[in-house]
Amino acid sequence: MTARANGWLAVAGLGPGDEQLVTPEVRSTLDAATDVIGYFPYVARVTPREDLTLHGSDNRVELDRAAHALQLAAAGARVVIVSSGDPGVFAMASALFEALEGRPDLIDLDIRILPGITAMLAASARAGAPLGHDFCAINLSDNLKPWALVERRLRLAAQADFAMGFYNPRSASRPHQFALALDILRQECGPDRLITFARAVTTPDERISTVTLAEATPEMADMRTVVIVGNSATKRIGRFVYTPRRAD
Ligand code: SAH
């Protein structure tokens, strides 16, 4: 199939939850769309309209979802794939390009990736500035990589004294791994390092708490939580947590 000139495909980040944190670019792109594709709870965040078809799908069907979006756009539809947060952070933008590798005939399709505010940055802003110096982001899920690699990256990032943001920290299907991650962090960072649990940031269910690694327990995280561990200089100031901009 050759791409029809008027079809396009955008991969958009809806931000962490609050409507005010959806960018004007994403909003106007959704206004112009004919089809919205994504995981059910994200599609549910898009206001329905008569001339808009909503295609909600289950989790873990990212490649099918991306292939469907490519097909629709190639047939002339104006398609938005929605992700939470930013679409390039452990989300649909990479899945789209993986699907595109199997469809070289569609390489000239009008494709755009529209950024959004990722959970780690929304959480950091709520806590203060725990990511004010060098930091990294690690997905703790071993769905798409071996757990041994998660452990290795965790240990090396801690040794390099990065502040860290953890996505997908703990799910019902793998409840023990986050306890292992906390053990590694305690070994590498000591008991006094600050760790922030930020749940459902910018939604009515938001809950933020900062404790030391000695006080942290696995139950403090679930799949709606992003976890931020400070570096060796991260400290409290009043109700805030911040990381100084300098390191020796
Ligand atoms: N693309 C998304 C991340 C998808 S992975 C983004 O950029 O934010 C899903 C993980 O993101 C969740 O397990 C959780 O760790 C984190 N997350 C997403 N939204 C969140 C929110 N509002 N508050 C806290 N964590 C969130």
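**Exercise 1.** How far apart are the mean positions of the positive and negative charges of the protein?

*Solution.* Begin with what is counted: Lys and Arg are positive, Asp and Glu negative, while His and the chain ends are left out. Each charge is then placed at NZ of Lys, CZ of Arg, CG of Asp or CD of Glu. For the 26 positive and 29 negative charges, the mean positions lie 5 Å apart.

The model is predicted, so local features need pLDDT of at least 70 and side-chain atom pairs pLDDT 80 or more, whereas totals for chains, interfaces and linings use all residues. Residues are numbered from 1 along each chain as its sequence is written, and side-chain values use heavy atoms, without hydrogens and water.

**Exercise 2.** Find which residues touch the most other members of the largest nonpolar core, and which element gives the largest share.

*Solution.* A nonpolar core is a set of buried (under 20% relative accessible area, 1.4 Å probe, protein chains only) Ala, Val, Leu, Ile, Met, Phe, Trp, Tyr and Cys residues joined through side-chain atoms within 4.5 Å. This core has 24 residues, and Leu-140, Met-164, Phe-166, Phe-178, Leu-185, Ile-195 and Phe-197 touch the most other members. The largest share, six residues, comes from H7.

**Exercise 3.** State what share of the 248 residues is buried.

*Solution.* Buried residues make up 48% of the 248 residues in the protein.

Key
Buried < 20%, exposed > 50% of the residue type's maximum accessible area, 1.4 Å probe, protein only. Helix = DSSP H or I, 4+ residues; strand = E, 2+ residues; numbered from the N terminus.
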